[in-house]
Amino acid sequence: MSDFPTQLLINGQWLDGSGAKRLAIVNPATEETFAEVSSATADEIGQAAEAGQAAFESGWRDMPPGERTRLLRNLAKRIHENVETLAQLETRNVGKPIGDARWEADAGAKVFDYYAGAIGHLCGQTIPVARGGFDFTLRQPMGVIAAITPWNFPFLIACWKVAPALAAGNSVVLKPASLTPLTALMLGQLAQEAGLPDGVLQVVPGSGSEAGNALATHPLVRKIGFTGSTEVGATIMKLAADDIKRVSLELGGKSPNIVFADADWQRAAAESPMSVFANTGQDCCARSRMFIEQSVFDGFVDQFVAATESLKIGNPMDEATQVGPMVSAPQRELSESYIAGARDAGREIRTGGDRPNGGGFYLNPAVVTGVETEDRAWREEIFGPVVCLRPFTDETEMLREVNDTNFGLSGSVWSNDLSRALRVARQVESGVISINSHSSVHTEAPFGGFKRSGLGRDLGMSAMEACTEVKNIYVGE
Ligand code: NAP
Ligand code: MG
């Protein structure tokens with residue numbers, strides 16, 4: 001018996017799941033399998049959807065808002081009290097540095113706190129309609145919402161999906177990524193301890209092709225909140241089409257990092273490696289395309305490479321580690337294929353791209369220059385520790401290249417000329433952008449993408465509104 005949950009949480013019960021195939025849980029730092037988790041079948045997804053609907057109808061939907069606030073605050077508190085346990089589990093399963101895992105677990109607690117408070121601020125409108133009378137809107141919960149989440153920030157992204165949906169009065173069926181279901185299961189356990197009624201939050205690990213597909217097509221599921229690849233996001237949208245299910249999609253990225261010569265570019269060079277190599281590059285916001293003004297390009301590259309080489313790569317349980325292993329062997333091989341492609345095309349690998357000695361899915365962060373805009377490494381999301389840097393001379397031409405991509409999630413602009421920074425920020429086609437900072441995600445503010453980076457927004461009041469339907473009521477005179 002492990003000291004963390006490994007079964008399915010359906011209607012308040014921990015069940016073994018009838019799926020023959022159990023999910024092997026691997027520590028990426030050691031390559032050892034340390035747990036097995038039950039895998040839900042389509043039947044079990046159906047049971048969860050029905051229990052979610054029953055929980056919605058039998059109390060959660062109609063619970064006084066203050067009572068829902070109290071329960072979500074309890075859950076925030078339980079998460080907060082368990083930050084260390086959650087962080088240890090996440091680091092063991094994902095390979096992310098323990099300091100980052102602690103920060104993410106704590107951030108998850110804050111997300112629940114924010115939405116517990118937001119319950120009292122989700123308001124309708126009164127509308128002065130032309131024919132007189134009295135017209136107002138209600139924001140009503142939808143019913144059962146499916147949350148389908150990825151492996152790169154398993155706990156935090158689960159909190160982003162679950163908290164606003166519950167706060168708005170929906171029940172949630174959460175399907176975590178097959179590689180990393182442990183902290184999602186623990187979230188289910190903490191929700192039980194916090195007093196959430198059975199069936200309000202259910203957690204059903206299982207494969208995307210069976211459990212994910214069954215959830216996305218179940219007739220009782222009213223909305224699918226998805227974070228993952230653009231490819232699977234497009235599949236989800238197609239699956240949702242027949243029933244006109246609501247979808248919100250947070251997908252891939254290939255975000256720019258734009259550095260002007262008038263910026264504090266030494267600071268940008270020192271801070272930018274972690275804007276792409278944090279979480280070993282497995283971050284949808286990774287600033288993997290860098291645009292550096294020509295006059296400072298050589299000096300910038302030298303300082304960027306030096307800062308990259310000084311990153312502490314190694315055992316993610318070590319407090320000082322900044323970059324851990326990648327999540328899996330195939331994910332590392334995928335990154336290596338981009339590095340090999342760049343090398344074969346004669347591009348310059350300024351540092352990294354090789355494996356350190358020893359076990360674990362480690363890959364030294366790679367810095368590539370001399371790339372052309374048609375290169376795969378420049379155009380495609382790599383989702384690993386690889387960055388490409390190109391010089392620019394003309395702002396208009398640079399912006400054309402910045403926007404010459406199907407993605408549009410995040411990005412940074414570095415300049416001490418405020419009007420230039422704002423002008424450029426307005427023209428970058430992305431849902432999120434930061435100026436003189438790489439901080440682009442805030443619990444209170446909307447997060448999401450333009451173009452193929454997604455549809456809808458996580459976080460802030462936007463996410464909670466998107467978990468409701470608007471009803472207009474007219475009262476005649
Ligand atoms: P993924 O392969 O798209 O998987 C995401 C989730 O979808 C997993 O739970 C997966 O289950 C499930 N799934 C797969 N096929 C499905 C199907 N046919 N029907 C229903 N569900 C299905 O993504 P990933 O490999 O976990 O994560 C990497 C990608 O996520 C990257 O492209 C990255 O950019 C993106 N991402 C985006 C954001 C953002 O906020 N924009 C944040 C993080 C990650 P299995 O695990 O069983 O395959
Ligand atoms: Mg995948």
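How many bridges join strand β17 to β18, and do the two run parallel or antiparallel? Two bridges join them, and the strands run parallel. Strand β17 covers residues 412–414. Look at Val413: its bridge partner in β18 is Ile435. Keep in mind that this is a predicted model.

Now the sheet around that pair.

Next, ligand 1. There are 29 residues around it. Which come nearest? Thr149, Ser178, Ser229, Leu251 and Glu381.

A backbone N or O atom of Thr149 sits 2.8 Å from an oxygen atom of ligand 1. Trp151 uses its side chain: an N or O atom there is 2.9 Å from a ligand oxygen atom. At Leu251, a backbone N or O atom lies 2.5 Å from a nitrogen atom of ligand 1.

How much of the ligand is covered by protein? Alone, ligand 1 exposes 910 Å², and the protein buries 86% of that.

Who builds the shell? The elements giving two or more residues are α7 (208–217), β10 (221–227) and α8 (230–241). Helix α7 has the largest share, with three residues. By type, the shell divides into 14 nonpolar, 12 polar and three charged residues.

Note on methods: Residues are numbered from 1 along each chain as its sequence is written. Chains are lettered from A and ligands numbered from 1 in the order in which they are written. This is a predicted model: local features need pLDDT of at least 70, side-chain atom pairs count only at pLDDT 80 or more; totals for chains, interfaces and linings use all residues. Side-chain values use heavy atoms; hydrogens and water are left out. Two strands pair if DSSP finds at least two bridges between them. Helices (H or I, at least four residues) and strands (E, at least two) are DSSP runs, numbered from the N terminus. A residue is near a molecule or strand if one of its heavy atoms lies within 4 Å of it. A polar contact is a pair of N or O atoms within 3.5 Å; within protein, one must be able to donate a hydrogen and the other to accept it, and residues adjacent in sequence count only if both atoms are side-chain atoms. Accessible areas come from the Shrake-Rupley method with a 1.4 Å probe; for residues, only the protein chains shown count as cover. Ala, Val, Leu, Ile, Met, Phe, Trp, Tyr, Cys and Pro count as nonpolar, Asp, Glu, Lys and Arg as charged, and the others, Gly among them, as polar.
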